Amino acid sequence: MRKATTTPSRPELRAAVKSVRCAVYTRKSTEEGLEQEFNSLDAQREAGEAYVRSQTGEGWALLPDRYDDGGFTGGNTDRPALQRLMADIEAGKVDCVVVYKVDRLSRSLLDFAGMMQTFEKHKVSFVSVTQQFNTATSMGRLVLNVLLSFAQFEREIISERTRDKIAATRRKGKWAGGHPLLGYDIEPQRYRLVVNHPEAESQQQRDKPRHQNQ
């Protein structure tokens with residue numbers, strides 16, 4: 001005689017699914033546009049929230065705390081929201097970190113490797129909404145490192161272009177930015193330094209006794 005089997009009820013099934021507490025982290029390098037009603041940080045968070053909702057059947061649940069860094073570079077970890085996120089991870093409050101793209105979390109391989117060590121230590125998974133990979137496998141970790149390498153390369157290229165532009169500007173005799181030197185003004189039309197004669201003469205008068213004593 002075949003023994004009757006019972007199927008678990010829906011509450012029992014829900015209890016069997018482990019709850020995954022998800023934190024959405026967002027970042028924008030500049031403060032431009034952050035004053036808008038719906039800005040880049042909001043768009044990133046909206047995408048992260050939608051992804052978490054799509055995994056509700058797997059027990060994923062969105063944490064109410066917001067981790068938003070507006071106007072902070074990804075080249076270092078000196079970001080208030082990131083520091084708060086890492087503290088919550090170490091306190092055991094987070095099971096999964098969700099970002100829109102890998103470079104939102106970091107653009108530095110060294111910093112990212114350190115964060116991944118903390119994630120692994122506290123059994124926290126990492127998900128990028130627009131870049132599908134699984135950090136539980138060696139291939140997934142390889143793909144992640146490749147993506148991050150390109151993010152760091154892009155940041156370094158932007159820095160090199162900025163330095164080259166400033167150098168080219170100076171070679172043409174134009175002011176590259178900042179406060180003008182004493183005795184000079186910035187000519188608005190041509191954006192170059194011009195002599196401020198009253199300041200220059202005043203500076204010469206102050207320098208005369210020094211030269212005479214020498």
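Q: Where is D88 found?
A: D88 is found in helix 3. Helices here are DSSP runs of H or I with at least four residues, strands are runs of E with at least two, and both are numbered from the N terminus. This is a predicted model, so local features need pLDDT of at least 70 and side-chain atom pairs count only at pLDDT 80 or more, while totals for chains, interfaces and linings use all residues. Residues are numbered from 1 along each chain as its sequence is written, and side-chain values use heavy atoms, with hydrogens and water left out.

Q: Is D88 buried or exposed?
A: D88 is buried. Buried means under 20% relative accessible area, exposed means over 50%, and partly exposed is in between, with a 1.4 Å probe and protein chains only.

Q: What does D88 touch?
A: Leaving out residues up to four places away in sequence, D88 touches D65, Y67, K93 and V94. Contact means heavy atoms within 4.5 Å.

Q: Which other residues in helix 3 are buried?
A: Besides D88, the buried ones in helix 3 are A81, L82, L85, M86 and I89. Seen down the helix axis, the buried residues of helix 3 fall within an arc of 160 degrees, so they line one face. The arc is taken from the directions from the helix axis to the C-beta atoms.

Q: What covers them?
A: The cover over the buried residues of helix 3 includes strand 1, strand 3, strand 4, helix 4 and helix 5.

Q: And what happens just after helix 3?
A: G92 takes a positive phi there, of about 80 degrees.

Q: Back to the packing. Which residues touch the most other members in the largest nonpolar core?
A: L85, V97, L105, F119 and F126, out of 21 residues in that core. A nonpolar core is a set of buried Ala, Val, Leu, Ile, Met, Phe, Trp, Tyr and Cys residues joined through side-chain atoms within 4.5 Å.

Q: Which element gives the most to this core?
A: Helix 3, with five residues.

Q: What does V97 touch?
A: Not counting residues up to four places away in sequence, V97 touches A23, L85, I89, F119, V124, S125, F126 and V127. Apart from this core lies another one, of ten residues, including Y51, C96, V98 and V129.

Q: Changing topic: how many aromatic pairs does the structure hold?
A: Three. Rings of Phe, Tyr and Trp (its six-membered ring) pair if their centres lie within 6.5 Å; planes under 30 degrees apart count as stacked, over 60 as edge-to-face and the rest as tilted. F112 and F126 make an edge-to-face pair, 5.7 Å centre to centre with 70 degrees between the planes. That pair links distant parts of the chain, with F112 in helix 5 and F126 in strand 5, 14 residues apart.

Q: Are those two buried or exposed?
A: F112 is buried, at 1% relative accessibility, and F126 is buried with a relative accessible area of 3%. F126 also pairs with F119 in a tilted arrangement, 6.2 Å centre to centre and 50 degrees between the planes.

Q: OK, charges. How many salt bridges are in the whole structure?
A: Six. One of them joins D95 and R21, with the closest N and O atoms 2.8 Å apart. D95 lies in the loop between helix 3 and strand 4 and R21 in strand 1, so the pair ties together parts that are 74 residues apart in sequence. D95 is buried at 18% relative accessible area, whereas R21 is partly exposed at 31%.

Q: Which residues do shared partners join into one network?
A: D42, R66 and D68. D42 and R66 form a salt bridge at 3.3 Å between the closest N and O atoms, and D68 meets R66 at 2.6 Å, N to O. R66 is partly exposed at 36% relative accessibility, and D68 is partly exposed at 23% relative accessible area.

Conventions. A salt bridge is a side-chain nitrogen of Lys or Arg within 4 Å of a carboxyl oxygen of Asp or Glu. Lys and Arg count as positive and Asp and Glu as negative; His and the chain ends are not counted.
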